[in-house]
Amino acid sequence: MWRPSRRAVLAGSACLLAGAGTAAAEGVAASSGPGLGELAARSGRFFGTAVTSTALAAADAYADLLDRECSVWVPEWQLKWGALVGDPADAPAYGPVDAIVAAARRRGKRLRGHTLIWHEHLPERVRGLSGRGDWDRIVAPHILAVAGRYRDAFFQWDVVNEAVEPRDGGGDLMRRSPFYAMRGPDYVADAFALARRAAPEGRLYLCDYGVCYAEGWQEARRTGVLRLLERLRAAGAPVDGFAIQGHLDVRQRFDERIFRRFIAELEGLGLELAISELDVREADGDGGRSLAERRQRAADEVAKVLAVALDSPALTGVVTWGLADDHSWLRKTRPIPDNQGLPYDDGLAPTAMRSQIAALLMAARSRT
Ligand code: XIL
């Protein structure tokens, strides 16, 4: 049985006291009050979201929202290897990411780099690689080229994304990706060393999902993440932080003590933290709930996790995976066509989640 933490109750009260209980009030609060990025800065953190060059270039109401609410942007998919090249031998198409970098510079935003190494969205030929030499010949030059090109543009990097997969059956709980086939578990340390060499000022993060809830499969993922991070630390790999993706799901069971313990274990490793892809997946079918009830349930889900994460001075910031539901990947990849999982709805009206995040950021303990 989830009971809201003291911080979540305080934040929720702040939200109600601010009279932001209705869309109209939220609309006013969101459009005229401080943006979420400004609220996050008050505790020494950032707030941002995933963007595309197309969304930024549209110069429409959504682009204005990205500007007004965010202090950080993250390329949603255009920095991924498979988006840069069709084949490793090709010259990378840096145009879209260059455009995001230019827009960020114009608007005074910082950028998170997502992601250098991921087993998905790869050039087709890379999927089949497994030789030790393939790493030096193909993977290492990719990391050096991309991190080197954007060494001054991205202040945090997701160097390796989703390296853990207990269901692959390995004793190390790691995913058997092409990178693992090439170098075994050491590919992760190798990737971080290359990223440090190419982008010495960047803060280098490991990134993964499925670590927020009490379910057994998530406990296995937390164990895999912690073992990998401990190994990287022991090997002296230049890992600065861990990014909890934060793809939440109203069907999963949250236990504050379990999540708080995980955060403490990450802090114990001396790591910075980020919530890097926050959104909420609803249950299949809304059970006849009204839109308002569904949106409040999504806001409550976010409050469970953020109330704990924002208690940590190690948390550098929060990134949602899109700002408005009609821009959400969940609409493309999940069976709920009208999933309500982000701070703004399809009509760009702020939802209960936007109020909840604002209240939690206002109540957040300063990092310092
Ligand atoms: C997703 C993007 O949102 C989609 O647009 C793309 O088609 C697939 O990738 N975890 C991650 C992100 O680390 O990179 C994924 O982003 C969502 C899951």
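A residue is called buried when its relative accessible area is under 20%. That word returns in several of the views below, all taken from a predicted model.

View 1. Welcome to one of the 10 aromatic pairs found in a search of the whole structure.

**View 2. Arginine 110 lies over the face of phenylalanine 155.**

**View 3. Tyrosine 213 and phenylalanine 254 form an edge-to-face pair.** The angle between the two ring planes is 90°, and the centres are 6.4 Å apart. Tyrosine 213 sits in the loop between β5 (203-208) and α12 (216-234), while phenylalanine 254 sits in the loop between β7 (247-249) and α13 (256-268), so the pair ties together parts that are 41 residues apart in sequence. How buried are the two partners? Tyrosine 213 counts as buried because its relative accessibility is 2%, and phenylalanine 254 is buried too, with a relative accessible area of 6%.

**View 4. Ring pairs join four residues into a cluster.** Look for Tyr94, Tyr150, Phe154 and Trp157, which are the members of this cluster.

**View 5. Arginine 221 lies over the face of tyrosine 209.** From the centre of the tyrosine 209 ring to arginine 221 the distance is 3.8 Å.

**View 6. Cysteine 70 and cysteine 207 take part in no disulfide.** How many disulfides does the model hold? The count is 0, with a disulfide requiring two cysteine sulfur atoms within 2.5 Å. For cysteine 70, the nearest cysteine sulfur belongs to cysteine 207 and is 17 Å away. Cysteine 70 counts as buried because its relative accessibility is 4%. For cysteine 207, the nearest cysteine sulfur is that of cysteine 212, at 11 Å. Cysteine 207 is buried as well, since its relative accessibility is 0%.

Definitions and conventions: Residues are numbered from 1 along each chain as its sequence is written. This is a predicted model: local features need pLDDT of at least 70, side-chain atom pairs count only at pLDDT 80 or more; totals for chains, interfaces and linings use all residues. Side-chain values use heavy atoms; hydrogens and water are left out. Buried means under 20% relative accessible area, exposed over 50%, partly exposed in between (1.4 Å probe, protein chains only). Rings of Phe, Tyr and Trp (its six-membered ring) pair if their centres lie within 6.5 Å; planes under 30 degrees apart count as stacked, over 60 as edge-to-face and the rest as tilted. Helices (H or I, at least four residues) and strands (E, at least two) are DSSP runs, numbered from the N terminus. A charge sits over a ring if NZ of Lys or CZ of Arg is within 6 Å of the ring centre and within 35 degrees of the ring normal.
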